[in-house]
Amino acid sequence: MAEPVHRRLDVPSQTSGEDRLLGMVAALTSELAVLRERLDTVERLSGIDAAAIEAFTPDAEAQAERDALRLGLIAKIFRPLKDALARSAGGNR
Amino acid sequence: MSHAMLPKASHDELTEQLFVRDLKVWLADQVEPQARALADKLDPGASSNARTETTYERLHEDAAFRDWASVRRASQELMWDAVDRSVARQRNALETTAAAAPQLGSLMLDPNFVLPPYLAEGDVHLMPGGYHVEDDGVGQGAVMDRGGAVYMLGKNGGFLNDGRGKTIVQHLFACYPDFQPNRILELGCGIGASLVPVAAAFPEAEVHGIDVGASMLRYALARARHLGVAIDFAQGDAERTRYENASFDLVFSATLMHETSASAIGRVLAESRRLLRPGGVAIHLEVPQRYETMDLWGKIRGKIEADYNNEPAWAAAIGTDYAVAMRSVGFADVVVGYQDACFAPKRDAGGFSDDSKGVFRSWFVASGRA
C-alpha cells in the first residue's frame, strides 16, 4: 500500500476520528455496492438458491482467491486507520 | 482434524470468522508497526522513571492511536459476537451431541463454588459471560472452543487448538525422559484443549482437570468423550483444589497464570507443589514474552492487552521469576526456559532451550520436581 497522502487538511471543527470513520464507512459502502450487484448477477444468470450456497465448499484455489478478496476488503476499508497512525508516527499530521 | 462437539459454521458464519482472523492479522502486521513507531517518537527516554506509563499516556493523546486501539478491540468483540450467534443457532444440536457421547470420564460440579475475584472483575479476552457463566448446557464452552481457535489465528493446532498441550508433552520428553505419570491434573483446563493431548500421550494415566465454569466443563467432558479420551473434570479453584496432598505425579497449567492475578500466581505454584507426590513434576507453560527482555513497545502492548483485552495479570505473569518462585514453595531441580511449539511430540526430539523463537513458535516453560 502507498504511503499516506501529504498535505491533507483538517476539516475545521470536525474531529479526526469522525473524519476517519466517515472514510471507512464510505469505503465499506462501495465494497457492499459492488458485492450486491455481483451477487445479483450470479442469481440472475444461474438461479442458484440458498441451499446450494450453503452446500458449496471452495477448493484450495478458490479458497485462496476468497482469502485474497477478504484481505483486500480489510486493507481498503481500514486504510484510514493505518494512514493516520503512519502520519502521527512520521510527523506529517 | 476436528471433533463432533465443535460448533459448525454456515457459509456466512465462516466468512465472518475468517474476516475476524484476517482483520486481526492485518491490524497487527500492517498498522501496529506504525503504532510502535509513534510510541518511539513519544518515548520520554531511559531517564524517565515512568517511561512506559508516560508513553502510554502520550499515545492516548493521539486520536490515530485511540482509533487503532478501538478497532483492535472491535475485532475481538466482532469475533465473540459472530461465534455467539453461530452457537446459539445450533444450541439444540450441540446439547444432543453432548448427550450422545460415549460414557468416558466424569464431571463433578460444586454448587457452592466461589469464583476467584480476578475473574469476577472482568471477562477475560472480552468473552461475554467469561469462563464462568452458567447456561445449564454446553453453550459457553462451545463459544470458548470455536472462538479460541479463531483467536489463535489457526496457529495453535487449528480447531483442536492443542499446540500447548503437545508442547507440555514434548517438555516432559525433553527434560524428564524417563518420567511416566500415573495421575495427571491440569489447573485451569478450560474446554480441555491442552489436557486432551496430554491424556492421549499417557493413555494408562488417570487424568483430571479443574476450572471455574459449569458450562465450560460440561462442554469439555463431551468434547473429550467424542475424542475418545477419559478425563475426570471438576469445578474448582487452582489456588485451592479439593485434592489430597501428594496425590498426583504430574500437575500442569497452560497459559493460566496471565489470566489470574499477581497474588494468585504464587498460590497456584504452591498448590501445584502441594499436590505432587515425591518425585512428581509440575509444569507451568506461559506466553513466550518475558518482561525483563521486552522493549518499550512490548511493555506498551502488555498494557493494551490488560486494558483493552482483559488480560488481568499479563505483566505479573511474564514478570514473575519462576525459578525463585518455584524454589520458594519447595520445588527442586527447577528448569526455566523456552520449549519449541510442538505439534507431534517425540521422545529424544528435545526442543527446550534458553532462546525463544517468538510467539506461536515457542512457549515459556517453568518446571520442577517435588
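The buried residues of helix α9 of chain B pack against α4 (91-99), β1 (106-108), α6 (139-151), α8 (195-201), β3 (206-211) and β4 (232-235) of chain B, where contact means that the C-beta atoms of two residues, placed from the backbone, lie within 7 Å, and where helices (H or I, at least four residues) and strands (E, at least two) are DSSP runs numbered from the N terminus. The model is predicted, and local features therefore need pLDDT of at least 70 while side-chain atom pairs count only at pLDDT 80 or more, although totals for chains, interfaces and linings use all residues. Residues are numbered from 1 along each chain as its sequence is written, and chains are lettered from A and ligands numbered from 1 in the order in which they are written.

Helix α9(B) covers residues 214-226, and its 13 residues reach 18 Å from the first C-alpha to the last, close to the 18 Å expected at 1.5 Å a residue; the expected span of a helix is 1.5 Å times one less than its number of residues. Of these 13 residues, 12 are buried, so the helix is largely enclosed by the rest of the structure. A residue is called buried if 20 or more other C-beta atoms lie within 10 Å of its own, exposed if 12 or fewer do, and partly exposed in between, with C-beta atoms placed from the backbone. Among the buried residues of α9(B) are B:M216, B:L217, B:Y219 and B:L221, and the arginines B:R218, B:R223 and B:R225 are buried as well. Just after the helix, B:G228 takes a positive phi of about 80°.

The sheet of chain B is open and consists of nine strands in the order β1-β4-β3-β2-β5-β6-β9-β7-β8, with mixed pairing; two strands are taken to pair if DSSP finds at least two bridges between them. Strands of a sheet pair through backbone hydrogen bonds, either parallel or antiparallel. At the edges of the sheet stand β1(B) and β8(B) (352-353), each with a single partner strand, so one side of each is left without a neighbour in the sheet. Helix α9(B) packs on this sheet, touching β1, β3 and β4 of chain B, and its direction makes about 180° with that of β4(B), where axes are lines fitted to C-alpha atoms, for helices over the stretch in contact, and angles run from 0 to 180 degrees between N-to-C directions.

Strand β5(B) (residues 248-254) has seven of its seven residues buried, so this strand is largely enclosed by the rest of the structure. Strand β2(B) (residues 183-187) pairs with β5(B) in the parallel sense over three bridges, and within this part of the sheet B:F252 of β5(B) is the bridge partner of B:E186. Six bridges join β5(B) to β6(B) (residues 276-286), and these two strands also run parallel; here B:F252 stands opposite B:I283. The chain crosses from β5(B) to β6(B) through helix α10(B) (residues 262-274) in a right-handed β-α-β crossover, that is, with the strands pointing away from the viewer, the path from the first strand over the helix to the second runs clockwise.

Strand β7(B) (residues 332-340) pairs with β8(B) in the antiparallel sense over two bridges, and with β9(B) (residues 362-369), again antiparallel, over seven bridges. The residue B:Q339 has B:F352 of β8(B) as its bridge partner and stands opposite B:W363 in β9(B). B:Y338, which also lies in β7(B), is buried, with 21 other C-beta atoms within 10 Å. Not counting residues up to four places away in sequence, B:Y338 touches several residues, including B:P288, B:S353, B:S356 and B:W363. B:Y338 and B:S356 are 18 residues apart in sequence and 5.6 Å apart in space, C-alpha to C-alpha.

The contact between the chains takes 20 residues from chain A and 21 residues from chain B. On the chain B side, α1(B) (11-42) and α3(B) (63-89) each supply at least two residues, and the largest share, 13 residues, comes from α1(B). By class, this side has 13 nonpolar, four polar and four charged residues; Ala, Val, Leu, Ile, Met, Phe, Trp, Tyr, Cys and Pro count as nonpolar, Asp, Glu, Lys and Arg as charged, and the others, Gly among them, as polar. In chain A, helix α1(A) is hardly covered, with one buried residue among its 31 residues.
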